[in-house]
Amino acid sequence: MPGPGAFLVGEEERREVEEVMQSGYLSRYGREDDPRFKRKVVTLEKLFAERTNCKYCVAVNGGTGALMASLVALGVGEGVEVLVPGYTFVASISAIIAVGGTPVLTEIDESLTMDPEDIPKKITEKTKIIMPVHMLGNPSDMEKIMELARKYNLLVLEDCCQALGAWYRGNPVGSIGDVGAFSLNINKTITCGDGGMVITNNKNYYERAFGYHDQGHKPLRMGVEIGSRSLIGINLRMNELTGAFALGQLKKLDSILEILKKKKALFKKILIDANIDGMSFRKINDPGECNTLLTLLFESSETATKVAEAIGSNPLSGSGWHVYNNMEQILSYTDRNGSRPYRKNMLTRTDDILSRAINLSIGVVDPGLGASFGINILSDDREIERKAEEFIETVRRVM
Ligand SMILES: Cc1ncc(COP(=O)(O)O)c(C=O)c1O
């Protein structure tokens, strides 16, 4: 069940991919003096950097890889603590562990993103990074987060995997902190099947992210640094076919966001006009959000559970992929000191909010996010009205 970009795959992507097939160059590296080499990945990096107002960009194999390369770029390794919210996809947490760091879980607030109030309570002398996650397309409270980062001398990595295209106070998400990481998997705003992007304005972070993604090489692997590679990297490279597909999708990003904005506004207006007692909407930190989902908050978890059951869904506390309580591999993780840092119900505010929250799909139709009921980017006004009325009737019946 995909995100909006996946619904709109067509001629643009086909043309881009066919050019690569005709060129014979499948790797991101090719002979620069051969006009047949189309440089799709490099072009994608350039256009993505432009769209996100950043100087530098590295295309990688996925959002998880983008997070790992970003964390290494910022100097995360053994013993370094990274603050990350307990409501996120498991990859935000496992990427930190994979590069040797220690995730420290923070609460969320009613925007369903990192609660800035909880940040100072979780900082220790080992903390180096704050990693807000722009969950469900909604930017985190970046003003407060950046203020705290400055106050405590911390770096900020924005996990933008669910929020490509969102704006916060006039800035694209990912360009506000030190580094931004994006996913182009099938559920995201735009997709190439699997892919990821890292953006930054800092040359050193760029070189380190690039090096980690490709065996320690300096950007664009010109060969000159052989013998003086400073970083141990792995292979997270994007290939030309994937880059070409992503280029076709990137051209559609702004129209996707425009369409979703209108569809969500109509759906939400019908629910607002119904004036249902005890039902409200999550806090949106900036109207520049992606509008991929509509998140509702009920006064009690009992009501949320009843409503969710009636629409064949779960309250967000039961959306298995995105809640720390449901990540058995994280809860059973034993660190180098032999202790288990994570346990069920350790984040009481997060647990309360998620038990009262329900997602309706607008552009991302994903049962893993608790969003199997709702509309998609192809829904017309009649279908939106029908779905909204169906939802209102259901809520009135069970409440
Ligand atoms: C918030 C968040 N971070 C990281 C990821 C990982 O991205 P990918 O699946 O492309 O590795 C995802 C993907 O679902 C995500 O939603």
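Leaving aside neighbours within four places in sequence, A69 is in contact with V58, V60, V198, A209, Y212, H213 and L236, where contact requires C-beta atoms, placed from the backbone, within 7 Å. The model is predicted: local features need pLDDT of at least 70 and side-chain atom pairs pLDDT 80 or more, while totals for chains, interfaces and linings use all residues. Residues are numbered from 1 along each chain as its sequence is written.

A69 and V198 have the most contacts inside the largest nonpolar core, which has 113 residues. Such a core is a set of buried Ala, Val, Leu, Ile, Met, Phe, Trp, Tyr and Cys residues joined through C-beta atoms within 7 Å; buried residues have 20 or more other C-beta atoms within 10 Å of their own, placed from the backbone. Helix α4 (residues 63-73) gives the largest share of this core, 7 residues. Helices are DSSP runs (H or I) of at least four residues, and strands (E) of at least two, numbered from the N terminus. Because domain 1 (4-250) and domain 2 (254-398) both give residues to the core, it lies between them. These bounds come from an automatic or database domain assignment.

The C-alpha centres of the two domains lie 25 Å apart. In all, 35 residues of domain 1 are in contact with 40 residues of domain 2.

The ligand is surrounded by 16 residues, the closest being G63, T64, F89, C161 and S183; a residue counts as near if its C-beta atom, placed from the backbone, lies within 6 Å. The largest share of this shell, 3 residues, comes from α4.

Key: A residue is buried if 20 or more other C-beta atoms lie within 10 Å of its own, exposed if 12 or fewer, and partly exposed in between; C-beta atoms are placed from the backbone. Two residues are in contact if their C-beta atoms, placed from the backbone, lie within 7 Å.
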